[in-house]
Amino acid sequence: MHALNTYSFFTRRIVWLVAIILTVLLSACDDDEVCEEITANNLRIGFYPAEQEDEEFWATIDSLMVHSLEKPDDPVHDTLYTVSSLELPLNIHASSAAFVIDFFHARDTLWLQYNKETHLISVECGFTVFFDIQEVEHTTHYVEGISLETSEVTSTLDEHIQIFVPDTIPGN
Amino acid sequence: MNIFKYLFLIPFLAISQLAMTEEGHDTLFVPSVRLGVDVSGFARHLIEPESITGEITLDVEWRKSHFFVVEGGLMEVDVEKETHVYQADGYFMRIGPDFNILERNPDSPNDVLLVSLRYGYGKLEHEAPFIMLPSPYWGGRETAIPPETYQAHWLEAGIGLKTEIWRNLFLGWSLRGRLMLSDTSSPAMDPYLISGFGKSDNNTSLSLQYQIMYRLPLQ
């Protein structure tokens, strides 16, 4: 028993037309070779009020600046205002990095240890580094706590670390 | 593993079963062998000059509308950019049945509309002898990934057409869906292209292939 028992001249043309249309569609789907911009896979941090239980709302830091311990004279972020989130570049030359977050009324240091993996994005875009955070430590001058939400720092837009700060600035 | 990934196989298996239950034999049936070349790899090379795939196909119609098919080929990727060099060489093989689901038309008795099932195996060696990793803050780092061997096993199902355009000379196309069964994932680098499977972004792939074939009647 055959599933199809008519194969006219017309049908043959239709079947080949379908093949041509599929070729165009598949070529369009596969047209991802234009590399727009190579971006480093940064560590994403969000600030949250320490008293808040459901972590639904960010805390807003009036101003801060960030530099690494390795390059104290080269700030990662010069003075930023009304900050709720941060992106920090992890060191691709080492398996650890340390950042000093200067809240201007207090400073805290964040140490990170991680594994690195070189990852091929595409032949057009080349390679990037994915990180897997192994350990996070911090001082507690202003920062009250830290939560590692996602250890894998890849090309996704996940928030990796939550930093909990008091609702009010000490002394105010 | 998500079971829904397997659902696309069901209609093909059902149609194949229909073809297998066909009763009666055509006494005029002549077994044949068909040799072919897949030209889609060469056509793709015009769009993506960094990769080229060559593939030959062999099918045997051992019983009316029942084919045993072997496909095999070679793949090469050679990319040289300012920021990286990537090279890969591989080969692949696929075997499986084709079933014709079209009643033969007296005007074109050798034309077939085929449902295909395949098991596929691919092996490649790839390396990145030069990589410059960007980091605006920390400074770029030069590194390399030495040659690594990668293997993959997959299943594929598809549908295709073969039309006789001149005496025993055929043109054909085939749409294939592929499902990865297992592979040797590398901790350092996933291949850009898996020989015989395609892009390695996820466990499935879809491709359209074009073949030119010559049929040799065996009697």
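These legends describe close-up views of strands and sheets in a predicted model.

Local features need pLDDT of at least 70 and side-chain atom pairs count only at pLDDT 80 or more, while totals for chains, interfaces and linings use all residues. Residues are numbered from 1 along each chain as its sequence is written, and chains are lettered from A and ligands numbered from 1 in the order in which they are written.

**View 1. The open sheet of chain A.**
Four strands form an open sheet in the order 4-1-10-8, with mixed pairing. Strand 4 (85-88) and strand 8 (145-148) of chain A lie at the edges. Each has a single partner strand, so one side of each lacks a neighbour in the sheet. From one strand to the next, the twist averages 25 degrees. Strands are DSSP runs (E, at least two residues), and helices are runs of H or I with at least four; both are numbered from the N terminus. Two strands pair if DSSP finds at least two bridges between them.

**View 2. A:Gly46 and its two partners.**
Strand 1 (residues 43-49) of chain A runs parallel to strand 10 (residues 161-165) of chain A, with five bridges. Here A:Gly46 stands opposite A:Gln162. Strand 1 of chain A also pairs with strand 4 of chain A, antiparallel, over four bridges. On that side, the bridge partner of A:Gly46 is A:Ser85.

**View 3. The two faces of strand 4 in chain A.**
In a regular strand, side chains alternate between the two faces of the sheet. A:Leu86 and A:Leu88 point to one face and are buried. A residue is buried if 20 or more other C-beta atoms lie within 10 Å of its own, exposed if 12 or fewer, and partly exposed in between; C-beta atoms are placed from the backbone.

**View 4. A hairpin in chain A.**
Strand 6 (residues 107-122) and strand 7 (residues 126-138) of chain A pair antiparallel over 12 bridges. Three residues join the two strands as a hairpin. A:Trp111 stands opposite A:Glu137 in strand 7 of chain A.

**View 5. Strand 7 meets strand 9 in chain A.**
Strand 7 of chain A is joined by two bridges to strand 9 (residues 152-153) of chain A, and the two run antiparallel. A:Asp132 has A:Glu152 as its bridge partner in strand 9 of chain A.

Conventions. Axes are lines fitted to C-alpha atoms, for helices over the stretch in contact, and angles run from 0 to 180 degrees between N-to-C directions.
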